[in-house]
Amino acid sequence: KQWYQRRVAITAGILEKHRKIMADLAPYPKQFIHSDINEYNIIITPPAEGSVAPPGGSVAPSNITTPRNTSDYDPDFGIIDFNDLTVTHRVFEVAHAMGYILSSQAFDYPVLNHFYRGYSSIIQLEKTEFDVIFDIILVRFVMSCVVGMKDIVFDPSNLYAKKWVELNLKRLRRFFKDGPAVFYT
């Protein structure tokens with residue numbers, strides 16, 4: 001019963017935060033977003049034989065050398081898994097991808113900032129959109145942890161869920177404590 005009461009309180013807080021985010025974004029147009037961009041949903045085809053690999057590693061046969069100029073590397077890539085495709089504000093796409101970065105093994109604010117700089121080199125967000133990224137990530141983090149805790153309650157032997165929730169609760173606490181300033185490092 002105590003778990004249920006905490007879940008209700010957390011859910012109410014999430015809904016209130018979500019209402020504020022949506023009110024802030026109301027003036028901005030909506031579009032299709034994938035909503036599930038993460039390292040498992042991106043496919044990169046290695047370059048053809050005789051091509052060069054990117055700096056830092058080879059995705060091509062081992063006899064191919066790393067170039068000094070990254071413009072020599074032009075892989076084909078694609079995105080899969082469109083189950084979460086939805087129409088909403090574009091900022092959710094970048095915030096969800098950043099949330100995946102934070103919940104991955106690469107939990108690293110510089111990686112987060114590199115991702116955002118790459119994204120914004122193509123798509124410039126408005127200040128209001130940028131200002132809600134932290135809250136969107138926070139809401140998504142909390143929701144993921146609550147769902148994971150529910151999975152544990154219904155299946156206490158689910159070691160994957162236990163480990164995932166334990167790790168991500170630590171990351172959630174750190175992210176919340178560090179606050180929006182993480183985007184300015």
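How many helices and strands make up the secondary structure of the protein? In this predicted model, the secondary structure comes to five helices and four strands, and these elements follow one another along the sequence in the pattern α-β-β-β-β-α-α-α-α. Of the 185 residues, 34% count as buried, while the accessible surface of the protein amounts to about 11800 Å², with 59% of that area belonging to carbon and sulfur atoms. Among contacts between residues at least 6 apart in sequence, 72% join residues that are at least 24 apart.

Confidence in the prediction was considered before individual residues were examined. The pLDDT of the protein averages 80, and 81% of the residues score at least 70. Among the elements, confidence is lowest in β3, where the mean is 76, and highest in β4, where it reaches 92. Over residues 56-70 the pLDDT is below 50, although this stretch has 25 contacts in the model beyond near neighbours in sequence. Where pLDDT is low, the predicted coordinates should not be read in detail.

A nonpolar patch of about 820 Å² is made by F32, I42, I44, F77, I79, F82, L85 and V87. The elements that give two or more residues to this patch are β2, which spans residues 42-45, and β3, which spans residues 76-79. Another member of the patch, F82, is found in the loop between β3 and β4, the latter covering residues 86-89. With a relative accessible area of 47%, F82 is partly exposed, because its value falls between the 20% under which a residue counts as buried and the 50% over which a residue counts as exposed.

Aromatic rings were also compared, and the count comes to three aromatic pairs. One aromatic cluster is formed by F134, F141 and F175.

Charged side chains gave a further set of links. Side chains of opposite charge can pair when their charged atoms come close. In this model the count comes to nine salt bridges. One of them joins the side chains of K20 and D24, with a distance of 2.9 Å from N to O. These two residues lie four residues apart in helix α1, which runs over residues 2-25, so K20 and D24 are separated by about one helical turn. K20 is partly exposed, with a relative accessible area of 47%, and D24 is also described as partly exposed, with a value of 30%.

A salt bridge between separate elements is found at E129 and R90, whose closest N and O atoms are 2.9 Å apart. Because E129 lies in helix α4 and R90 in the loop between β4 and α2 (residues 91-103), the pair ties together parts that are 39 residues apart in sequence. E129 is buried, with a relative accessible area of 2%, whereas R90 is partly exposed, at 22%.

In helix α5, which covers residues 159-178, E166 and K170 are four residues apart, or about one turn of the helix. Their side chains meet in a salt bridge, for which the distance from N to O is 3.9 Å, a value that counts because the cut-off for a salt bridge is 4 Å. K170 is exposed, with a relative accessibility of 52%.

I152 is placed in helix α4, which spans residues 127-154. The C-alpha atoms of I152 and K162 are 6.5 Å apart in space, and the two residues are 10 residues apart in sequence. When its neighbours within four places in sequence are left aside, I152 is in contact with A161, K162 and V165. The second pair involves V111, which has its place in helix α3 (residues 109-120). V111 is partly exposed, with a relative accessible area of 33%. Between V111 and I101 the separation is 10 residues in sequence and 7.7 Å in space, from C-alpha to C-alpha.

Definitions and conventions: Residues are numbered from 1 along each chain as its sequence is written. Side-chain values use heavy atoms; hydrogens and water are left out. Buried means under 20% relative accessible area, exposed over 50%, partly exposed in between (1.4 Å probe, protein chains only). Contact means heavy atoms within 4.5 Å. Accessible areas come from the Shrake-Rupley method with a 1.4 Å probe; for residues, only the protein chains shown count as cover. Rings of Phe, Tyr and Trp (its six-membered ring) pair if their centres lie within 6.5 Å; planes under 30 degrees apart count as stacked, over 60 as edge-to-face and the rest as tilted. Patches are made of residues with over 30% relative accessible area and no salt bridge: like charges are joined within 9 Å, nonpolar side chains (Val, Leu, Ile, Met, Phe, Trp, Tyr) within 5 Å. pLDDT is the predictor's confidence in each residue, from 0 to 100.
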